[in-house]
Each structure stands twice: as structure tokens, then as C-alpha cells.
Amino acid sequence: MEVSTAAVALRTVLLRAHQAAEKSGRLSDQIKVVAVSKTKPVSIIRQVYDAGHRVFGENYVQEIVEKSPQLPDDIEWHFIGNLQSNKVKPLLTAVPNLFMVESVDDEKIANRLDHVVGSIGRKPLKVLVQVNTSGEESKFGVEPSGCVELVKHVKDGCPNLEFSGLMTIGMLDYTSTPENFRTLSNCRNEVCKALGINENQCELSMGMSGDFEQAIEMGSTIVRIGSTIFGAREYPKKTEN
């Protein structure tokens, strides 16, 4: 995909997101579009930045750690991939403008993030609790039944983290169904009711390239768009060692 094509594609995505918001009776500025730049070079990210976009997401610690120092520091980075405890410190130290980790799915990773944020002295880190809404066996995401308990742990037990909402990937193949979106929305209702949180203070991060309009119509406040902006992923071919 040509570099300038990404800037044009971004504008189309923003327009579609705004239209979906209006269709569901919401303001377009209530929807945040995260441009997911995994496997894409800094040069193309820069083109999207130059088109006025500031919110970017990465799935892999190694990539965000390499890219962020080469890009302006007013970017709002979202980490959206599975995060291992041993990668927390490299992530937080290399990316001072990390805005949010969207993939907190157990107490262990919450505790590790809380500890490292405190030890390096950065401002509290916004986090989303990742929920497995597919009903399929998955390594990632807390079961909906455990959602309130994990959110409560983040709010009460992790002073250096700021609970900001819920996230789901959907099915194991990264597609989503209305049922996935409904499940996440129901989790938000339960969490807000149980913990006395205003629903406006609880983001719903759901919807990707194939289904973000439907997700917005079902209440999403953050959509994560990769290939529709940047083109197909570019995974390096495996080489023999």
C-alpha cells in the first residue's frame, strides 16, 4: 500500500466512524480510532501522523519499543497485544508516552504494571481489562464472570493504574459477532453497577477493520483499525538460522 494511500484510507475510516456514531445517536468525538500499525514501517506511520492522526496501537513490545523513539512524542500509544510480565519494564521505560494498555487480563499482569509504573515514577497508566467474549477456550481475556473481580482488583489494589474500561478481541480468529459486543456491553453494565462507576467513565474497546461500524452502533468508544488504514500485514518470511 502506498504511503499516501494510508492517509486517504485514514480519512475514510474517520468518516465511517463518525457516520456510525451519528447513526447511533452519539457524537463523533466520543469515538476514538486507534490506528494499529503492527508490522508497518515508521515511514508509513509518519504519513498517517502527518495527516493529523495521533492515536496509534501496537501488538508487540519489540515493535513499539523500536518505533516509538523514531516518532514524535505527542503520539498517544495504545498497547493492545498480550503482555508478558517480563516485557512490562522494557515497554514502560522505552515508551514514556504510552497512553494505555488495553490487554490486562489477570491480576498478575495488573500487579506487575502497577509495580513498574510506581518504581519508574511515571504518571498513573490507563488500563483496560480484556474480556474473553467468544465463549471459546482462549489464553487471553478474563471470563465475563470474573470481570467485576478483576476490575475491582485494579481499582482497589493497583494505585498506579487507572481503570478506564473494557476491551475484547472477539473470536479467536479476530472476527467479532454482535454477541461478542453485547457480552462486553453487559460486562460494563455489571462492573459499573457493582463498583459504582459511571458508564461514561468506562470505555468499550471493541471493533476492528471488518466490523467497527457495527461495534460503534452497539456502544464501542474505541475501535482498533489496522489493515483498512495500513493495508495487509507484512510479516517477514521465516529464515533458517
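Helices (H or I, at least four residues) and strands (E, at least two) here are DSSP runs, numbered from the N terminus. You're looking at a predicted model, so local features need pLDDT of at least 70 and side-chain atom pairs count only at pLDDT 80 or more, while totals for chains, interfaces and linings use all residues. Residues are numbered from 1 along each chain as its sequence is written, and side-chain values use heavy atoms, with hydrogens and water left out.

**Stop one: Lys38.** Select Lys38, in the loop between strand 1 (32-36) and helix 2 (42-50). UniProt puts "modified residue: N6-(pyridoxal phosphate)lysine" (unreviewed entry) at this lysine; UniProt positions follow the numbering used here, feature names are shortened, and annotations may be inferred rather than shown by experiment. Lys38 counts as buried because its relative accessibility is 11%; buried means under 20% relative accessible area, exposed over 50%, partly exposed in between (1.4 Å probe, protein chains only). Now show its contacts (heavy atoms within 4.5 Å). Leaving aside residues up to four places away in sequence, Lys38 touches Gly57, Glu58, Asn59, Tyr60, Glu63, Lys67, Arg233 and Tyr235.

**Stop two: the rings.** Phe56 is buried at 0% relative accessibility, and Trp77 is buried with a relative accessible area of 0%.

Next, pick Arg54 and Tyr49. The charged end of Arg54 sits over the Tyr49 ring, 3.5 Å from its centre (NZ of Lys or CZ of Arg within 6 Å of the ring centre and within 35 degrees of the ring normal).

**Stop three: helix 7.** Select residues 178-195, the 18 residues of helix 7. Its buried residues are Asn180, Phe181, Thr183, Leu184, Ser185, Cys187, Arg188, Val191 and Cys192. What covers them? Helix 6 (147-157), strand 6 (161-167), strand 7 (203-205) and helix 8 (212-217) are included in that cover. Just after helix 7, click Gly196, which takes a positive phi of about 65 degrees.

Technical notes. The expected span of a helix is 1.5 Å times one less than its number of residues.
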